[in-house]
Every structure is written in structure tokens, then in C-alpha cells.
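This report describes one protein model for a reader who is new to structures. Please look at the sequence and the structure below before reading on.

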Amino acid sequence: MIKKLRVTVDGKSYDVTVEVADEPGSSIPVSPPPSVSPPAAPPPPAPVAQTTAGPGQVRSPLAGRIIAINVQPGQEIKEGDCLLTVEAMKMNTSVTAPKAGKVAEILTTVGAAVDEGQILARIEDLK
């Protein structure tokens, strides 16, 4: 059976002619909808880089690029002092000293790309 309908899409009306398939005498065969498989299980989460620091290790809190190193080996520092700055997605993140002590070594350079959890520096206790 042929029918004329007015359909409105996004506020705009359209006059359409349709053949109704589920009425007797329709020439369009009606078939069941295709079977739908359940969605696949999501993949397991990627392993997260270790971010807990060992004794005296200072790790990068995120992946990025080193844009500043504010300390030198041998320099005495206080807890919370800014040691380095990492840039990621045009945002700067300060990497601070987790404890007071002396900078034993810096394990990166300005401009170097670093991964999340990568060791950037080592701090030793004052003697």
C-alpha cells in the first residue's frame, strides 16, 4: 500500500511517499532484523608505570618533556623545593623534592622526553 506522509526532521518538514511493508498486499518483503552480537568486552587496562619512588628517587609524575632543571648535583634542598619542570600538552608540572637532603644526581637533561614513572633525580640524606 502506498501512503503519503509528512516527516519533520530538525524542524524542517518533508512530504514523502512510502510503501507500507507490514500491511497485507504489500509488495516489499519483510525480513527479521539482523541478529546483533553483544558488544565485545573492553580490553584490559594498560599497565600503569610505577610511580612510587624508592629511597631518594624522584620520578616523573607524567610523560612529557623536561623544560627546566632548577638544581645541581651536590646542592642541598628542602622538602617541597622545585627540582625540575615537565611540560606535557602545553602545561608545566613542577617536580618537587619528596624530602630534604642533597641532590646526588640528575638523570635527565633539558629537552629530554620522559615517561611517567621514569627516575629523574636521586636525593641522598644529609650527613
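Which strand gives the largest share of the nonpolar patch? Strand 1 (residues 2-9) does, with 3 residues. Strands (E, at least two residues) are DSSP runs, as are helices (H or I, at least four), and both are numbered from the N terminus.

The model is predicted: local features need pLDDT of at least 70, side-chain atom pairs count only at pLDDT 80 or more, and totals for chains, interfaces and linings use all residues. Residues are numbered from 1 along each chain as its sequence is written, and side-chain values use heavy atoms, with hydrogens and water left out.

**The chain as a whole**

The protein chain has 10 strands and 0 helices. Of its 127 residues, 21% count as buried. Buried means under 20% relative accessible area, exposed means over 50%, and partly exposed lies in between (1.4 Å probe, protein chains only). The chain exposes about 9300 Å², and carbon and sulfur atoms supply 56% of that area. Such areas come from the Shrake-Rupley method with a 1.4 Å probe; for residues, only the protein chains shown count as cover. Among contacts (heavy atoms within 4.5 Å) with a separation of 6 or more, 49% are between residues 24 or more positions apart.

**The nonpolar patch**

Leu5, Val7, Val9 and Tyr14 make a nonpolar surface patch of about 310 Å². Patches are made of residues with over 30% relative accessible area and no salt bridge; like charges are joined within 9 Å, and nonpolar side chains (Val, Leu, Ile, Met, Phe, Trp, Tyr) within 5 Å. Val9 belongs to strand 1 and is partly exposed, with a relative accessible area of 42%.

Strands of a sheet pair through backbone hydrogen bonds, either parallel or antiparallel. Here an open sheet of 4 strands has the order 7-6-4-9, with antiparallel pairing. Its edge strands are strand 7 (91-96) and strand 9 (113-114), each of which pairs on one side only. Two strands pair if DSSP finds at least two bridges between them; strand 6 (residues 82-88) and strand 7 are joined by 6. Glu87 stands opposite Asn92 in strand 7.

**Salt bridges**

Side chains of opposite charge can pair when their charged atoms come close. A salt bridge is a side-chain nitrogen of Lys or Arg within 4 Å of a carboxyl oxygen of Asp or Glu. The whole structure holds 5 salt bridges, including these:

| Side chains | Distance, N to O |
|---|---|
| Arg6 and Asp15 | 2.9 Å |
| Arg65 and Glu87 | 2.6 Å |
| Lys102 and Glu124 | 3.7 Å |

Arg65 lies in strand 4 and Glu87 in strand 6, so this pair ties together parts that are 22 residues apart in sequence. Arg65 is partly exposed at 37%, and Glu87 is partly exposed at 25%. Both Arg6 and Asp15 are exposed.

**A loop residue**

Where is Asn70 found? Asn70 sits in the loop between strand 4 (64-69) and strand 5 (76-77). With 41% relative accessibility, Asn70 counts as partly exposed. Beyond its neighbours within four places in sequence, Asn70 touches Gln75, Cys82, Leu83, Leu84 and Thr85. From Asn70 to Val95 the C-alpha to C-alpha distance is 10.0 Å, and the two are 25 residues apart in sequence.
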